[in-house]
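Dear colleague,

Please find below the structure for your attention. A written account of the findings follows directly after it.

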Amino acid sequence: MSRHPEVKWAQRTDKVFITVLLPDSKNAKVNLEPEGVFNFSATAGTDNNTYELKFDLFDKVNVEESKINIGVRSIFCILEKAEKVWWKKLLRGDGKAPHYVKVDWDKWVDEDEDKGLGDLDLGGMDFSNFGGMGGMGDMMGGMGDMMGGMGGMGGMDEFEDSDDEGQEVTKPDDKAEGDAKPEEHGIGSSEKKEAEPST
C-alpha cells in the first residue's frame, strides 16, 4: 500500500509551482503529460515506504518548458501552463482537493498582483527540464549535479568551535577554601522565608 506525501502548490498566470514534501526520498520519479497528468513516486523513511501521487491538473501543461529540482527535503516542480490563464484550482473535477494538498502561502500571489516570478526566491536551485528527460521516466540521472548547486547553509557560523577548549571544568564537589555551604546561610535548611511582594 502506498502513502501520499504532503504537497504544496501556488501559481502565476503562466506557471504552477508544485512542491512535494518528502525528506530523504529515494528513487524519485516524476512523469508529466501534456494533458495535465502529474505522476510522482518515491520511497522514503527507515522502512522504505512507497509514496505515490497521481493528479489530473486543472488544465494542460507544456512539458518541454516545465522544470524540476529534486532536493534533500522536497521535490520542486515549475510547470509551464499551456495557456496563460489563472486556474481556479490545482485539480480537475468538482470535488475538494485531498487533505494532503495545500496552498503554498510562501509562493502564493493573488491574480491581480501577479508579476511573473518577480520576487520569488528559488534559493539557487538547479532545475532540469522535464522535456529533455525522455518523458521523465527516471529523474535520478542528474541528481548529483543538482546536489552540488544547493549551496551552503546560512547561519552556521554560530556553531563554530567554542573558545573554552582545553580549560578545566571543576566539579561541584570541589570547593575552594572559604566557600560557604548553603546550610551556613540558611539556604536549604528547614527554615522557610516568605518572598517579598514585588512592586
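Glu-111 is exposed, with a relative accessible area of 52%; here buried means under 20% relative accessible area, exposed over 50%, and partly exposed in between, with a 1.4 Å probe and protein chains only. Glu-111 belongs to the loop between strand 8 and strand 9. Its C-alpha atom is separated by 7.0 Å from that of Trp-86, and the two residues are 25 residues apart along the chain.

Please note that this is a predicted model, in which local features need pLDDT of at least 70 and side-chain atom pairs count only at pLDDT 80 or more, while totals for chains, interfaces and linings use all residues. Residues are numbered from 1 along each chain as its sequence is written, and side-chain values use heavy atoms, with hydrogens and water left out.

Regarding the overall make-up, the chain contains 1 helix and 9 strands; helices (H or I, at least four residues) and strands (E, at least two) are DSSP runs, numbered from the N terminus. Along the sequence, the pattern is β-β-β-β-β-β-β-β-β-α. Of the 199 residues in the chain, 32% are buried. The accessible surface of the chain comes to about 13,700 Å², and 47% of this belongs to carbon and sulfur atoms; such areas come from the Shrake-Rupley method with a 1.4 Å probe, and for residues only the protein chains shown count as cover. Contact means heavy atoms within 4.5 Å. Among contacts between residues at least 6 apart in sequence, 64% join residues at least 24 apart.

Strand 4 (residues 37-44) is joined to strand 5 by 8 bridges, and the two run antiparallel. Within this pairing, Phe-40 stands opposite Leu-53 of strand 5.

Thr-43 is also in strand 4. At 18% relative accessibility, Thr-43 counts as buried. Neighbours within four places in sequence aside, the contacts of Thr-43 include Asp-24, Ser-25, Lys-26, Asn-48 and Thr-50.

Strand 7 has 7 of its 8 residues buried, so it is largely enclosed by the rest of the structure. It is joined to strand 2 by 7 bridges, with the two running antiparallel; Val-16 has Leu-79 in strand 7 as its bridge partner. Strand 6 and strand 7 also pair in the antiparallel sense, over 6 bridges, and they form a hairpin with 3 residues between them. The bridge partner of Val-61 in strand 7 is Lys-81.

The largest nonpolar core has 29 residues, and those with the most contacts inside it are Ile-18, Phe-38, Phe-40, Phe-55, Leu-57, Ile-75 and Leu-79. A nonpolar core is a set of buried Ala, Val, Leu, Ile, Met, Phe, Trp, Tyr and Cys residues joined through side-chain atoms within 4.5 Å. Strand 1 (6-11), strand 2 (15-21), strand 3, strand 4, strand 5, strand 6 (61-70) and strand 7 (74-81) each supply at least two residues of this core. Apart from its neighbours within four places in sequence, Ile-18 is in contact with residues including Val-7, Phe-38, Leu-57, Ile-75 and Leu-90.

Finally, the aromatic residues. The whole structure holds 6 aromatic pairs; rings of Phe, Tyr and Trp (its six-membered ring) pair if their centres lie within 6.5 Å, and planes under 30 degrees apart count as stacked, over 60 as edge-to-face and the rest as tilted. The ring centres of Trp-9 and Trp-108 are 5.4 Å apart and their planes stand at 85 degrees, so this pair is edge-to-face. Trp-9 is in strand 1 and Trp-108 in the loop between strand 8 (101-103) and strand 9 (128-129), 99 residues apart. Trp-9 is buried at 7% relative accessibility, whereas Trp-108 is partly exposed at 22%. Phe-17 and Phe-76 form a stacked pair, 6.1 Å centre to centre with 15 degrees between the planes. Phe-17 lies in strand 2 and Phe-76 in strand 7, so the pair ties together parts that are 59 residues apart in sequence. Both Phe-17 and Phe-76 are buried. One aromatic cluster is formed by Trp-9, Trp-86, Trp-105 and Trp-108.

Yours sincerely

Notes:
Pairing = 2+ DSSP bridges.
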